[in-house]
Amino acid sequence: MAKTITEINEKIKKGQAVVVTAEEIVDIVEEKGVKRAAQEVDVVTTGTFGPMCSSGIYINIGHAKPRIKLGGGKCYLNEVPAYCGFAAVDIYLGCTHLSDDDPRNKVYPGEFKYGGGHVIEEFVAGKDIRLTAIAYGTDCYPRRKLETWINIKDVNEAVLFNPRNVYQNYNVAVNLSDKLIYTYMGVLKPNLGNANYCGAGQLSPLLNDPLYKTIGIGTKIFLGGGVGYVAWQGTQHNPTAKRKDNGVPCVPAGTLAVIGDLKQMRPEWLVGTSFQGYGATLTVGVGIPIPILDEEIVRYSAVKDEEIFAPIVDYGKQYPYSEKPQVELGEVSYAQLKTGKIKLHGKEIPTAPLSSYPKAIEIAETLKDWIKSGRFLLTEAVASLPGPESGLTFKFLKERPIE
Amino acid sequence: MISKRIVLRFPNRLIDQPIVCKLVKDYDLEFNILKAYIAQREEGLLVLELKGQDEEYNKGIDYLTRIGVRIQLLSQDIVRNNAKCTHCGICISVCPTGALVIDSITRKVHFYDNKCIACELCIPACPPRAMEVHF
């Protein structure tokens with residue numbers, strides 16, 4: 001018998017909803033079977049905590065006296081440039097931005113100690129941030145220069161708005177070249193010296209709802225320690241990616257654009273991070289509840305690490321230089337990755353994760369508590385995300401030389 | 001038998017003296033140099049793994065102290081800032097001695113400072129910069 005989200009919400013309000021994490025549902029389905037699990041469980045919570053470079057915040061700083069129009073000018077937060085090509089006092093700060101005098105990779109490998117992600121973490125933590133701006137001045141906005149401290153509690157709006165988060169599966173990075181390389185997947189030692197992966201596997205939101213049956217536009221989520229929403233499919237959303245029989249993609253596939261009020265978020269779930277030789281970013285915590293509407297959905301949510309496969313990709317040559325894999329390196333399950341080693345080309349290679357599994361558990365548990373205590377109700381998606389049937393795919397840039 | 005990882009700080013008057021060779025000749029100690037440099041203001045720093053019979057080891061340490069070398073256990077110098085560590089686990093890929101390992105049950109990262117040789121590879125490899133060096 002199928003349930004509706006309205007019925008589940010009624011149970012949540014009465015404190016009677018049965019809520020379990022995406023880890024716990026694995027055993028429940030194994031013990032009780034799909035049918036009973038679908039009847040007994042109302043919500044499965046997921047979580048992920050990893051570096052997500054397409055993240056940023058927008059702020060309305062409030063009007064100065066005399067007024068200044070930042071649009072068309074330049075502005076900086078703690079020396080890191082922010083985008084101000086909007087109205088007078090709206091600015092957007094992306095997490096990978098760096099101050100103009102950051103040495104970047106001039107001294108290789110660069111350290112990238114402080115970028116947009118670090119500013120975001122400090123801003124969320126309630127620290128004062130130095131705003132400096134120059135503008136061209138108009139009759140209605142005469143001021144040309146602004147230097148001031150700003151604080152999250154004083155600005156009008158502060159919103160986290162990430163164009164691409166929560167990748168549905170990701171590559172396992174190796175290096176077939178004979179040089180040590182520094183990548184967004186960490187340090188990769190030459191000649192298959194190590195293999196790094198990034199994903200929460202069986203706890204990862206989109207791997208528990210692989211065909212986007214419940215997660216859609218408008219879905220209410222745990223975002224950065226506060227409440228957020230799915231705003232749209234994320235950039236590079238690729239629902240037609242290769243999938244296994246269980247519907248789970250075995251390559252990077254779907255993504256989400258997410259949004260939420262930064263003022264109620266917490267710095268421990270929005271952490272400024274630095275990738276040696278690569279850049280600065282923001283490590284974001286996201287958790288998504290999956291309403292168990294029927295047997296099909298509970299079966300998807302009970303996916304386990306043994307059943308989720310990720311492709312092995314060479315970041316020495318293949319990833320930077322070619323569209324299609326030149327060498328098929330195969331795929332490996334998250335269960336195998338978590339043992340700490342994989343076998344490739346007859347060699348045993350140590351593995352390491354980039355996304356924190358303990359934090360993913362903490363997120364799924366927190367969301368579970370919120371729902372159980374009645375403070376977090378589920379939402380009906382207002383529109384679906386494009387699924388495999390949409391034919392939507394991920395394109396490379398078609399370069400056309402400019403004569 | 002004692003085997004310890006220690007940090008030795010030499011005042012500048014000692015930096016041109018052959019001190020470690022005395023530990024070998026007079027006290028029959030084995031050593032493995034993990035790090036050595038001369039810092040600003042000409043203070044020398046040497047990180048050693050030192051091994052030998054208990055009595056000889058202590059005599060060797062006495063000798064170093066007597067001539068003015070300051071001694072500290074290595075584990076006090078590389079520390080993890082637990083408030084910053086997110087337990088992602090990427091550090092285990094660069095740690096050459098297995099001082100940083102992932103617990104197979106909890107998936108949390110353990111830092112065994114007795115295994116750390118202060119190579120400092122984890123310092124820039126840690127995304128939230130939770131590993132700190134305090135030489």
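This is a predicted model: local features need pLDDT of at least 70, side-chain atom pairs count only at pLDDT 80 or more; totals for chains, interfaces and linings use all residues.
Colleague: What are the spans of chain B along its principal axes, and what share of its residues is buried?

Modeller: The C-alpha trace of chain B spans about 50 × 35 × 20 Å along those axes, and 44% of the 135 residues are buried, meaning under 20% relative accessible area with a 1.4 Å probe, protein chains only. Of the contacts in chain B with a separation of 6 or more, 66% join residues 24 or more positions apart, a contact being heavy atoms within 4.5 Å.

Colleague: How is chain A divided into domains?

Modeller: Domain bounds come from an automatic or database assignment, and in chain A they give domain 1 (47-52 + 165-292 + 302-367) and domain 2 (56-160). The centres of these two domains of chain A, taken over C-alpha atoms, are 29 Å apart, and their contact takes 26 residues from domain 1 and 27 residues from domain 2.

Colleague: How much area is buried between domain 1 and domain 2 of chain A?

Modeller: The size of an interface is often given as the accessible area lost when the parts come together; buried area here is that loss with a 1.4 Å probe, summed over both parts. Between the two domains of chain A the value is about 1,900 Å², with 65% of it from carbon and sulfur atoms. On the side of domain 1, L262(A), K263(A) and A280(A) lose the most area to domain 2, together 32% of what that side buries.

Colleague: How many salt bridges and polar contacts are counted between these two domains of chain A?

Modeller: A salt bridge (a side-chain nitrogen of Lys or Arg within 4 Å of a carboxyl oxygen of Asp or Glu) is absent there, the count being 0. The count of residue pairs in polar contact, both at pLDDT 80 or more, is 11; such a contact is a pair of N or O atoms within 3.5 Å, where within protein one must be able to donate a hydrogen and the other to accept it, and residues adjacent in sequence count only if both atoms are side-chain atoms. On the side of domain 1 that touches domain 2, β18(A) gives the largest share, 6 residues.

Colleague: How many residues does each chain give to the contact between chain A and chain B?

Modeller: Chain A gives 25 residues and chain B gives 18 residues, and the area buried between them is about 1,600 Å², 62% of it from carbon and sulfur atoms. In chain A, Q276(A), P353(A) and P358(A) lose the most area to chain B, together 27% of what that side buries.

Colleague: Which residues form the salt bridge between the chains?

Modeller: The count between chain A and chain B is 1 salt bridge, in which R129(B) pairs with E111(A), the closest N and O atoms being 3.8 Å apart. Across this interface there are also 8 residue pairs in polar contact, both at pLDDT 80 or more. On the side of chain A that touches chain B, at least two residues each come from β14 (195-197), β18, β24 (347-353) and α7 (357-372) of chain A, and the largest share, 5 residues, is from β18(A).

Definitions and conventions:
Residues are numbered from 1 along each chain as its sequence is written. Chains are lettered from A and ligands numbered from 1 in the order in which they are written. Side-chain values use heavy atoms; hydrogens and water are left out. Helices (H or I, at least four residues) and strands (E, at least two) are DSSP runs, numbered from the N terminus. Buried means under 20% relative accessible area, exposed over 50%, partly exposed in between (1.4 Å probe, protein chains only).
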